[in-house]
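Please keep the sequence and the structure in view while reading.

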Amino acid sequence: MTHRMNQYNQLNPAIEAQVEALLQQMTLAEKVGQLVQITPSIMPDPDQLTELLAKVGSGEVSIEALFKPRPDLEELVRTGSIGSLLNMANPQQINQLQRIAVEESRLGIPLIVGSDVIHGFRTIFPIPLAEACTWNPELLEQASRVAATEAAAAGIDWIFAPMVDNSRDPRWGRVAEGSGEDVFLGGVMAEARVRGFQTAVSPGGRNIAACPKHYVGYGASEAGRDYNPTELTERTLREVHLPPFAAAFAAGAGSVMSAFNDISGVPASANPFTLKTVLRDEWQWPGVVLSDFGAIAELVPHGVAANLKEAARLAILAGVDMDMMNDAYAPYLAELVAEGSVPEAVVDESVRRVLRLKLALGLFERPFTDETLLNQTILSDEARQLALEVAQQSIVLLKNEGDLLPLSPTKRVAVIGPLADARRDMLGMWTLFGKEEDAETVLEGVGRYAAALTHAAGCSLAGSEGVDETAVLAAIDQAEVVVLVVGEGANMSGEARSRSQLGLPGQQQALADLVAQTGKPLVVVLMGGRPLIVPRLLEQADAVLMAWHGGICAGRAVADIVFGAVNPSGKLTMSWPRREGQIPVYYSHKSTGRPMTGEGVPQFGEPFKSRYIDLPNEPQFPFGFGGSYTTFEYADLVVEKTAVLPPSSTLVVSATVCNSGSRAGTEVVQLYIRDLVGSVTRPVKELKGFQRITLQPGEAQQVRFELPIAELAFWDAQMQHRVEPGEFQVWIGPNAVSGLVGSFAVVAGD
Ligand code: GLC
């Protein structure tokens, strides 16, 4: 089924005419109103918050109890004092407010409702970092389309996703929300998800806009501590952090969210270079810039604004169009214009972008949502099946000693661990509207297969109380194999969840020690929102799966792989550190002047090289790594036609991949290059392509890549984006550290 793609980066003359006509009629107050986004409710008083949060955590009250309806909401809508609402999903309430906006406000400009639908609305998919490990952009496009279709049925037209922040630092909790460390893969996933969101078939007939975030550089927060400053050169910004946004905009994204972080001294939400020079002057992008939640007000604690009024001035002049929950534009923007600090033309340009988006979404023609649609749209069988496929393909086989996996269903299985029967944690760190009752646990999944099954949690997720040895040993006593399900709870990753130690929380390693002492064959199912540093556990286990937080079908997906109904194909999109001390560790690193692989300067009999004296440089598992129940052999790498190419040509390189094992399997064949000499230092490897192929036992396939030489361009010593002639290496392989190598050269000329 082809889907109509909305390209918000293409101006539509009819819409532009409507924008101008409206703008001419608007008072300054109405213009400011269009630039204000608020939640429909207000947080409770801080002194009640702790008690309420505890009740929400225990399930005593729903999360909605945390928020009290804003008493002035309808009046704000009626007077045109707000233009957008966030994180609502009740179509009745939205229609009621929309009716006031359209029928009672002076100009009848509809509201736009945005929300965080990060990896599913009610059908919850695996967390985005897991989704990326499928290396299946087509599947992610489908998942994003399902998420947006469900959200649209609730009255949401603006999806605050995809998060496209590249990051090489798993201490940062929000790596769970992105696609990992790689620029190329991050761009492919950003494009796929924007396409999925923006081709969603909105039941109400409206279009949907994506909002890639967080613009820009947020994934480089110092020390992996959320909201920390970043020190990014322009070259690193342009080489690493901007490309996934460029890919999202190329796919037609209609908006972008400005980030919290300071970019080398200038906060992202008041940064004229990124928000104007790059976004508007260079990229000519016409979409809406929405601030992150409070990011404008945070210019005051950042220390670049003395007060909220100054913060509002800096943000609007830098190019932030809409104020999400800062309460900065509403009270100060009109005053700033009146006193001449902010030209009204600047406000007009922001209002144009907001009106343009609302018109392109179809909000003026069809402002209301059919309230009967939501229940018939969510959790369809197709959506559940898709959630299962994504979960299955996201699971990464890290170890399988002696081919312990897949298990036979006849085995007596003990399922142990605090995440074995954990339901809410399967939904992961970023779901506002998912419900834990929709999720299947690993214990339930295993129960679909194992004839004889015992279970013990063994310990809590993060508590300091000891291991329940009696229960664990009793559960294991008759078992022939143990499936140990351990890792992070959903609330241990995501926003404001940076960790300084990435091991198993609480007493889980003590639990693993007890299980390992029994000597029973041990399958470890790791769960979490980031690579976990568990060297002891990796030693103790015979087999290890990284299952992340797999969404509503997590349990079934794990069991399908443990019992072999599905052959694992997931591949890591973040390098897996051996120790925290290695961080940041990533495959596309620079060579240094003293690489471990090269000639060091011998002194005192020891080569002085770039290394640790107490640890190898290499990660525990490399980028692109993932095992299978079969084996794949690579042969015959060929640089076809010619190995000497002008910049305008295309490199054609191929290799033969054979399934040399005994069962069908899917392999992600990866293409890497290295620019051996540049006018600036270049990464030792860069991913430039990949193909997912499924091969039957014994089947071989020639995998061919066509790489335009133009894609080898980089920001040279003069900060010009160009291809430099020179020698290159090229690899085709199963991950960032192995595969077949060839070479080619790019010559000067065109
Ligand atoms: C949060 C997040 C952002 C989200 C926004 C609205 O702080 O940084 O990703 O979209 O607020 O919930």
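Ser 350 counts as buried because its relative accessibility is 2%, where buried means under 20% relative accessible area, exposed over 50% and partly exposed in between, with a 1.4 Å probe and protein chains only. The residue belongs to helix α15, residues 344-361; helices are DSSP runs of H or I with at least four residues, strands are E runs of at least two, and both are numbered from the N terminus. Apart from residues up to four places away in sequence, Ser 350 touches Leu 35, Ile 316, Val 320 and Asp 321, contact being heavy atoms within 4.5 Å.

Arg 353 is also placed in helix α15 and is buried, with a relative accessible area of 12%. Setting aside neighbours within four places in sequence, Arg 353 is in contact with Arg 280, Pro 286, Gly 287, Val 288 and Asp 321.

## Basis of the model

The model is predicted, so that local features need pLDDT of at least 70 and side-chain atom pairs count only at pLDDT 80 or more, while totals for chains, interfaces and linings use all residues. Residues are numbered from 1 along each chain as its sequence is written, and side-chain values use heavy atoms, with hydrogens and water left out.

## Packing of α7 and α8

Helix α7 (residues 137-153) packs against helix α8 (residues 183-198) at an angle of about 35°, and their axes are 7 Å apart; the axes are lines fitted to C-alpha atoms over the stretch in contact, and angles run from 0 to 180 degrees between N-to-C directions. Residues making this contact include Leu 140, Ser 144 and Ala 148 of α7, and Val 188, Ala 192 and Phe 197 of α8.

## A buried loop residue

Phe 623 lies in the loop between β21 (606-608) and β22 (632-639), and this residue is buried, with a relative accessible area of 0%. The C-alpha atoms of Phe 623 and Gly 605 are separated by 34 Å, although the two residues are 18 residues apart along the chain.

## Domains and cysteines

The domain assignment, which is automatic or from a database, gives domain 1 (4-374), domain 2 (395-562) and domain 3 (632-746). The C-alpha centres of domain 2 and domain 3 lie 37 Å apart.

Zero disulfides are found in a search of the whole structure, a disulfide being a pair of cysteine sulfur atoms within 2.5 Å. Cys 459 counts as buried because its relative accessibility is 9%, whereas Cys 658, at 23%, counts as partly exposed.
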